[in-house]
Amino acid sequence: STLGGRDGRITRSGDRDHPADIISTVEFNHTGELLATGDKGGRVVIFQREQESKNQVHRRGEYNVYSTFQSHEPEFDYLKSLEIEEKINKIRWLPQQNAAYFLLSTNDKTVKLWKVSERDKRPEGYNLKDEEGRLRDPATITTLRVPVLRPMDLMVEATPRRVFANAHTYHINSISVNSDYETYMSADDLRINLWNFEITNQSFNIVDIKPANMEELTEVITAAEFHPHHCNTFVYSSSKGTIRLCDMRASALCDRHTKFFEEPEDPSNRSFFSEIISSISDVKFSHSGRYIMTRDYLTVKVWDLNMENRPIETYQVHDYLRSKLCSLYENDCIFDKFECVWNGSDSVIMTGSYNNFFRMFDRNTKRDVTLEASRENSKPRAILKPRKVCVGGKRRKDEISVDSLDFSKKILHTAWHPSENIIAVAATNNLYIFQDKVN
């Protein structure tokens with residue numbers, strides 16, 4: 001089960017056709033040496049970059065399985081008669097402080113802090129225990145031994161260091177580590193909580209949009225993220241297509257936003273589906289902290305923090321689906337939540353689509369490309385060919401008709417290496433890793 005993309009090419013983790021194997025989140029750590037995936041079965045799989053491959057230009061995108069562990073188990077809430085899924089909704093890495101790695105993983109209700117560490121030595125020669133670990137009779141101990149450390153095969157251990165539970169009535173959709181690395185936030189449909197990494201039995205509620213009467217509920221929180229450099233600032237997006245920027249210095253409960261980003265609706269595009277497709281499924285600060293990117297059903301928008309009335313850039317992800325919204329509503333695809341990511345220099349953005357397609361937009365050249373992550377076109381060392389969707393009229397040989405797109409094959413989760421052109425793309429239950437082409 002090795003992984004490694006080479007020049008937009010790939011070898012893939014083994015066949016995973018069980019529903020529990022569907023990948024639900026993908027995240028590089030801060031150096032890009034590790035890549036974590038979470039799945040519907042509550043497992044976290046961590047891939048590590050091959051050290052030898054880093055110096056070989058054609059193999060620098062090779063990752064192999066480093067550690068696999070069960071992060072969450074299915075639970076049952078007896079008070080509400082509700083099953084709590086084990087599916088991992090989000091993974092976030094903490095910056096590395098010592099030899100061990102730390103990551104946060106969350107399902108719908110509980111956030112866990114995991115420590116992933118290596119062991120390649122074991123202690124031997126205890127006085128009070130024999131080699132099997134059984135206690136010895138003190139009467140039989142006649143000599144004093146000094147225990148020694150002996151080399152052993154490398155073992156990677158994952159241990160839960162903190163469990164942050166019982167703070168969310170609704171389903172958690174986002175977690176975000178603060179730039180002070182002491183706190184993080186978790187957001188559900190109606191509330192956002194602020195936690196300290198050391199304190200598991202208490203969190204501060206920093207946003208609460210729950211109305212006194214639930215019948216008056218008009219919007220929910222869909223995503224939230226901390227500013228990459230200012231520990232007091234965060235944004236959250238809503239199902240109404242708005243983004244609120246909050247400053248925790250202003251008040252303990254950030255019910256009043258500092259900035260409010262909303263684009264006025266074009267009356268000519270108004271339809272029955274307008275509200276559904278304007279719901280924001282993901283919000284991401286740029287690495288510089290100057291911009292925020294949002295993804296709704298049909299577009300990706302880039303906003304300047306200094307301009308609230310409209311985005312500075314809008315990219316059409318799959319505008320050819322505008323005429324298909326009725327059937328997408330009937331098969332529930334219109335509610336799919338696509339994520340979006342920046343590259344390391346904030347010059348290119350990437351997001352997913354249907355038919356295992358994913359899109360890249362170059363902000364400087366304004367060029368865009370559609371690529372496909374699928375077994376058929378992903379032989380190792382194969383170069384990805386740009387794909388085109390034909391909307392009507394005569395279809396060219398290399399185009400695919402909009403009517404033959406497979407809506408069950410969707411790319412919701414992607415990740416971009418923090419400093420190199422290596423990307424990870426989750427296509428249902430397969431993980432693909434691609435790197436840019438080397439001439």
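Figure 1. Strand S26 (residues 357-362) is largely enclosed by the rest of the structure, because five of its six residues are buried (under 20% relative accessible area; exposed is over 50% and partly exposed in between, with a 1.4 Å probe and protein chains only). The model is predicted: local features need pLDDT of at least 70, side-chain atom pairs count only at pLDDT 80 or more, and totals for chains, interfaces and linings use all residues. Residues are numbered from 1 along each chain as its sequence is written, and side-chain values use heavy atoms, with hydrogens and water left out. Strands are DSSP runs (E, at least two residues), numbered from the N terminus. Two strands pair if DSSP finds at least two bridges between them. Gly352 has Phe358 of S26 as its bridge partner. Four residues separate S25 and S26 in their hairpin, and Asn355 in the turn has a positive phi of about 65 degrees. The hairpin of S26 and S27 has five residues between the strands, and Lys366 takes a positive phi near 65 degrees.

**Figure 2. Four strands make an open antiparallel sheet.** The order is S20-S21-S22-S23. S20 and strand S23 (313-316) stand at the edges with a single partner strand each, so one side of each has no neighbour in the sheet. Neighbouring strands are turned by 15 degrees against each other on average, direction ignored (axes are lines fitted to C-alpha atoms; angles run from 0 to 180 degrees between N-to-C directions). Strand S21 (residues 291-295) and strand S22 (residues 299-304) run antiparallel, joined by five bridges. Arg295 stands opposite Val300 in S22.

**Figure 3. The second largest pocket has about 860 Å³ of space.** A pocket is an open set of points on a 1 Å grid over the protein atoms alone, where a 1.4 Å probe fits, with protein on both sides within 12 Å along at least five of seven lines; lining residues have an atom within 4 Å of a point. Its volume is the space filled by probe spheres set on the points, which are joined across faces, edges and corners. The lining holds 31 residues, with Glu27, His30, Arg92, Glu225 and His287 nearest the centre of the pocket. Elements giving two or more residues include strand S2 (23-28), strand S8 (90-93) and strand S16 (221-226). S2 gives the largest share, four residues. By type, the lining has 13 nonpolar, eleven polar and seven charged residues (Ala, Val, Leu, Ile, Met, Phe, Trp, Tyr, Cys and Pro count as nonpolar; Asp, Glu, Lys and Arg as charged; the others, Gly among them, as polar).

**Figure 4. The whole structure has 27 salt bridges.** A salt bridge puts a side-chain nitrogen of Lys or Arg within 4 Å of a carboxyl oxygen of Asp or Glu. In the pair of Arg119 and Glu157, the closest N and O atoms are 3.0 Å apart. Arg119 lies in strand S10 (residues 111-124) and Glu157 in strand S11 (residues 148-164), so the pair ties together parts 38 residues apart in sequence. Arg119 is partly exposed at 37% relative accessible area; Glu157 is partly exposed at 23%. Arg249 meets Asp247 at 2.8 Å, N to O. Arg249 is exposed at 64%, whereas Asp247 is buried at 17%. Lys284 bridges to Asp282 at 3.0 Å, and both residues are buried. Asp21, Asp39 and Arg43 are linked in a salt-bridge network.
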